[in-house]
Amino acid sequence: MKALGLDWDEGPDIGGPYGPYTQSERFDIYPKYVQELLDKGYAYECFCTPEELEAEKQQAAENKKPYVYTKKCENLTEEEKAKLRSEGRKPAIRFNIAKAQKAFHDSSMLYFDDLVKGQLHMNTDLLGDFVIMKSNGSPTYNFAVVIDDMLMNITHVIRGEDHISNTFKQILIFEALGAEVPKFGHLGMILAPDRSKLSKRHGATAVSEFVEKGYLTEALINFVALLGWSPSDGQEIKSVNEIANDFRINEISSSNSIFEYDKLNWMNSHYIKMLDIEDLKTRLKPYLTKYNLSELTDAQYTRMVEVTKEPLTLLSDITDAVPYFFGTDVDIEAKAQTEVLDTEIAQDVLNEFLKQAESWEFSEENLHEKLEAFRAQYKEKGIKPKVTMWAIRAAVTGRTCGADMTAILAILGKDKTLYRIKKAIK
RNA sequence: GCUCCCAUCGUCUAGAGGCCUAGGACAACACCCUUUCACGGUGUAGACGGGGAUUCGAAUUCCCCUGGGAGUACCA
């Protein structure tokens, strides 16, 4: 959330009235509620060993029966418990599903209204009495979240649909504790392009990785917001605030969605283009460290960014887009050499350019005029303007494509330009 | 295996019985613009998974099948 520039009202780092907010600092508040459940009869001690449990599961698998805990510790007598304890066994505490279900519902069916999926149901007989406190005294997830939500007055729980089955367990605990059950909303999962879980294999998975690669937080937020939701006005480009204002939880689609980079990339380049130039200059700096930025005046740097920002998909693309703005010499790409510089026309153009440009003033306005006239001369000889410019571009930038030539020449200045032209002449 | 969730163009989605000859965005393709690349503009192609049922009428309701996803821990 920090990487995306999102903030929160209450929680770790900033505190709030219901702290502590760090799980490890809350350990001593859970036993009290475990005891309450024990006292009310909604929980019981279980002395089963991992081996015994494993055997039960195996048995169930052999009989092709779904596994649910057998509840064999549910009705242990005090003597039996004492005996087990004397053997050095430490009990875990299990939640008594059936007891809670029966106390608050007519049948073994548990229903709740999900904010995005509508009414959901589950036969709680199939759930199995789960552990709420491990034998080492630490609470399990399903129990701890309920206590935390209850104590922190949580009203809405919005999470992935992989939590649906936990919800039934959690609701029963809320009820057993006499607490108010919060509203739940379960979102579809975001899948990788091959429909599997998103993972390292599919590229970046942590928000910070996207940011490092040069995705703008604005684009990231906007794109993810559109996964499973669409704005009522059809306007897809939206700021966080606009999204927040327009957002309605019941407009969320309940199906899974696939994370494809195409639209994210498009959106990112869109946001890059929209960025204020000074802002963009600042954001681009981390990707230009391999160049000596002090070679350029601030005005030149501004101009360079202006003419190279168009095709950028990621901020990091700037690195490969601008090498020819720096240094005296330039690397010539193979394609530029063989397909352009090695041709007769190109050599002719370069010689002629060298002759004429000696007397030019290298301001952008002037260059624009001069180049136009220069192209016209060749056009008369039947050489396409495109070809004329190619020769100059290849010699000066070492490439066959790139930013606006007038701007490039103006930024480089007469000396570097003519130097590179000379070097390209055979 | 069992349980639950989901199902419209390649992708994200609009669509809550007639407004749908199914709309938009990204990607693709074509053309235009152009000093290259790109931006931009204009177009083209592209989907209701299958089968039943209800109805005068179904992408929209119901059932079955199929497909995909998730859960099934003394993990969170």
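Around RNA strand B there are 53 residues, and those that come nearest are K134, S165, L226, G228 and R393. The model is predicted. By class, the surface near RNA strand B is made up of 21 nonpolar, 15 polar and 17 charged residues.

Several elements of secondary structure each supply at least two residues of this surface. The strands are strand 2 (92-95), strand 4 (118-123) and strand 9 (257-258). The helices are helix 6 (164-176), helix 10 (261-274), helix 17 (385-397) and helix 18 (405-424).

On the RNA side, 72% of the atoms of RNA strand B within 4 Å of the protein belong to sugar or phosphate, and the rest belong to bases.

| Residue | Protein atom | Atom of RNA strand B | Distance |
|---|---|---|---|
| K134 | polar side-chain atom | phosphate oxygen | 2.7 Å |
| E161 | polar side-chain atom | sugar or linking oxygen | 3.4 Å |
| L226 | backbone N or O atom | sugar or linking oxygen | 2.6 Å |

K134 and L226 are also among the residues that come nearest to RNA strand B.

A further feature is a helix pair. The axes of helix 15 (residues 344-357) and helix 16 (residues 364-380) come within 12 Å and cross at roughly 140°. Helix 15 is therefore oblique to helix 16. Their crossing is right-handed. On helix 15, D348, V349, E352, F353 and Q356 take part in the contact, and they meet L371, F374, Q377 and Y378 of helix 16. This contact has five nonpolar, two polar and two charged residues.

Terms used
Residues are numbered from 1 along each chain as its sequence is written. Chains are lettered from A and ligands numbered from 1 in the order in which they are written. This is a predicted model: local features need pLDDT of at least 70, side-chain atom pairs count only at pLDDT 80 or more; totals for chains, interfaces and linings use all residues. Side-chain values use heavy atoms; hydrogens and water are left out. A residue is near a molecule or strand if one of its heavy atoms lies within 4 Å of it. A polar contact is a pair of N or O atoms within 3.5 Å; within protein, one must be able to donate a hydrogen and the other to accept it, and residues adjacent in sequence count only if both atoms are side-chain atoms. Helices (H or I, at least four residues) and strands (E, at least two) are DSSP runs, numbered from the N terminus. Ala, Val, Leu, Ile, Met, Phe, Trp, Tyr, Cys and Pro count as nonpolar, Asp, Glu, Lys and Arg as charged, and the others, Gly among them, as polar. Axes are lines fitted to C-alpha atoms, for helices over the stretch in contact, and angles run from 0 to 180 degrees between N-to-C directions. Angles under 35 degrees count as roughly parallel, over 145 as roughly antiparallel, 65 to 115 as roughly perpendicular and the rest as oblique. A crossing is left-handed if the near helix is turned anticlockwise from the far one by less than a right angle, and right-handed if clockwise. Contact means heavy atoms within 4.5 Å.
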